[in-house]
Amino acid sequence: MQNQTLTIGGMTCAACASRIERTVRKLEGVTTVAVNLASEKLFVEYGDPQNLAGIKEAVIKIGYQVLDKPPGVKITIPIGGMTCAACASRVEKAIAKLGGIESASVNLATEKASVVYNPQALRLSAIKAAIEKAGYQALDASKDWAADEDRLRKERELKILRIKFIVAVFFALPLLYIAMAPMIRWVNLPFPKALAPMNFPLIYALTELALVIPIIIAGYRFYTVGFKNILHRSPNMDSLIAVGTSAAAAYSLYNVWQITRGNFNAVDALYFETAGVIIALILLGKSLEAMSKGRTSEAIKKLMGLAPQRALIIEGGEEKEIPIDEVIPGDIILVKPGAKIPVDGTVTEGQTAVDESMLTGESMPVDKKAGDKVYGATINANGVIRFKAEKVGSDTALAQIIKLVEDAQGSKAPIAQLADIVSGYFVPIVCAIALVAGIAWFGAASAGAVTLPPGKSALEFSLTIFISVLVIACPCALGLATPTAIMVGTGKGAENGILIKGGEALETAHKIDTIIFDKTGTITEGKPEVTDVVAAAGIEEEYLLSMTASAERGSEHPLGQAIVQGAETRGQKLFDAENFRALTGRGIEALIKGVTVLAGNRKLMEERGVSLAELEAESDRLAAEGKTPMYIALKHPDSADMRLAGIVAVADVVKKSSKQAIEGLHKMGIKVAMITGDNKKTAAAIARQVGIDRVLSEVLPQDKSAEVKKLQDEGRKVAMVGDGINDAPALAQADIGIAIGSGTDVAMESADIVLMRSDLSDVPTAIDLSKRTIRNIKQNLFWAFGYNSLGIPVAAGLLYLFGGPLLNPIFAAAAMSMSSVSVLTNALRLKRFKAVRPAGNPA
């Protein structure tokens, strides 16, 4: 299956998004399609790669644009030394010959070459070298990244919208004043006598017409798009505005014609200000909407802004600074203190601490040495390192995170389905309501069944109703309710190191009532550590640990290595061991400075006749706490027998954040279970330390998913938190799979949510973010449905029927504009979300 994300131009409301979805879904080979109105993206999954051209053609055919991003990097290179057209042609040919060039054109007048090339196949330095070889100077190039194209396009659109709005307001304010001032007789407003409607009706009418024409021109897109969609039998919000304002303008033009024929009373039936002010208000709403939409995608802009633009590579033993897009796998890169690491790779020389907070949210720098991984966009804090580039361009961790967030923001939550269904039928239903209401009121008014407002004819009255219904309906609010909240919610998650893979995961997470944690590497650190050193009478703890670690230096067993590391961490001096022997399944034996050291389990001690009675109680206590007691016996040269010297206890210690994370989940009313292959005693000890409700012990790796299924069969909504390959089936089986960022790629692929910080305190944060996002979506949908459910009947004259006021179309337009803005503003409140983390776990 092929996945593609296309940027769509020309969408104005939910009806547009719904129409594109219906059209693309009908195409052969298309399996999944989703349109995000807020981000203006079409996400489509299809079988045959050749289907993409058909998908684009189908979208264009119904009146929208497919705004393809250039696949490569577009650069502009100033060129010196060109004197004629032949020079320009020569440079163009020299560049075009290079492999990896997608297009090249040279402008003699500006002395610049515009080149689009594939940075994975060709370096900028090679393009410059080709220009130099042709006999000309290649100066510093400026670059337009494909990722910025979308942002620049939206900025241009916003700028155009603002200009249109300013033009519309500039003419709409005097138009409104001229139309209303003569009617407000109780206030003596200044008014030019030359425009007095009773004395100079034709001049008055033509002045209004002259003022409304620039406004209609500013809002021309409502008419071109709106009427085109009506002809395609798929009306949208633009269609409602176009029909409503056209009706007002056409009726007014008819009355201007009446005035020219001598019917001066027609001057009271001009509605140019209604059309003009409606367009101005809608343009205001669209401008505010565009600004708010831009803010919903700030998270991706921040992530994109993290990437450095240049890298310092070592070539031929010398330092050379090159643009980031020229770095290729295998390059050796030098990073100095305070500089950003340009791409992903492995350290080959040097030691340093790296600030990875921009990727993981963890503020503490991470120590790096030869063999450790480093990631692009992270900051080298103090040392100088060299590393080998391994992943560049779209393969870096940062690029993958950006892709993940973009995909999540474009996905749909199940809660959006109702809004999508309604949006598909909304505009035709509104048109029908407007038409029926207008005809019904005209019939009732003509028959004298209703009292008309002073100075209004039956036609004017019914036209006001017709226009108000068309203008007040707001399909935009319905279309923006869900995607804007998902965009802000997933973006906020990314800022906190929580990658949520889609709207469905975001929605399901808020329903979770049970969370299963894998023990090893999730609740615990995943590697054994020395926790206790218990010395027998007459033995010092330091001596005991030093002798044990010296003996264990020759061991490859994880417990032995943990003891060596523990001694080194405590600054203990280690000695050379002689006659080392590994006693399989029992322990080890070695000679240290003439002293025989025996370290191992109870079975080994019993074999050698070593009495454990002195430390029996301590041994039981340590075992009850889930620790592994290793018995140490020593035989000095002057001693005849082995004697128990003490116990060194080793355990896979609990992460500092585990207890606080589980307490946070309990406060949310979520039950917590732990799954492990350990025995019941060890598992129970860990569970007591962190407050686990339910322990699933002695579970084989292949049976973990079956345990998840059992809980689901009890009617529970289950999340699984794990990090290893053996957790992948359970992560996939769970309603929500949560992978620890330090875990395997397989686990992260199987998960719905990835915690980049490997900190369990992010689990309650992810659940909390989900709850708040879904609450925000419900608020948006309630407002969108509520607004339309109340607004349309009021506009249709429901209040007037019972003696209340008649809604003016101008107020209807203002309400419609503000409804979309209110939904977007409410979604943006999620930007204030802050992860509450326990002390010692900074964000």
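This protein has 29 helices and 31 strands. Both are DSSP runs, numbered from the N terminus: helices (H or I) of at least four residues, strands (E) of at least two. The model is predicted, so local features need pLDDT of at least 70 and side-chain atom pairs pLDDT 80 or more, while totals for chains, interfaces and linings use all residues. Residues are numbered from 1 along each chain as its sequence is written, and side-chain values use heavy atoms, without hydrogens and water.

Now the whole chain. Of its 843 residues, 52% count as buried, meaning under 20% relative accessible area with a 1.4 Å probe, protein chains only. Take the contacts (heavy atoms within 4.5 Å) with a separation of 6 or more: residues 24 or more positions apart account for 69% of them.

Next, a helix pair. H8 covers residues 237–260, and H14 covers residues 458–472. Their axes, lines fitted to C-alpha atoms over the stretch in contact, lie 8 Å apart at an angle of about 160°. H8 and H14 are therefore roughly antiparallel, the term for angles over 145 degrees on a scale from 0 to 180 between N-to-C directions. Who meets whom? In H8, Leu240 and Tyr251 are among the contacting residues; in H14, they include Phe466 and Leu470.

Definitions and conventions: Buried means under 20% relative accessible area, exposed over 50%, partly exposed in between (1.4 Å probe, protein chains only). Angles under 35 degrees count as roughly parallel, over 145 as roughly antiparallel, 65 to 115 as roughly perpendicular and the rest as oblique.
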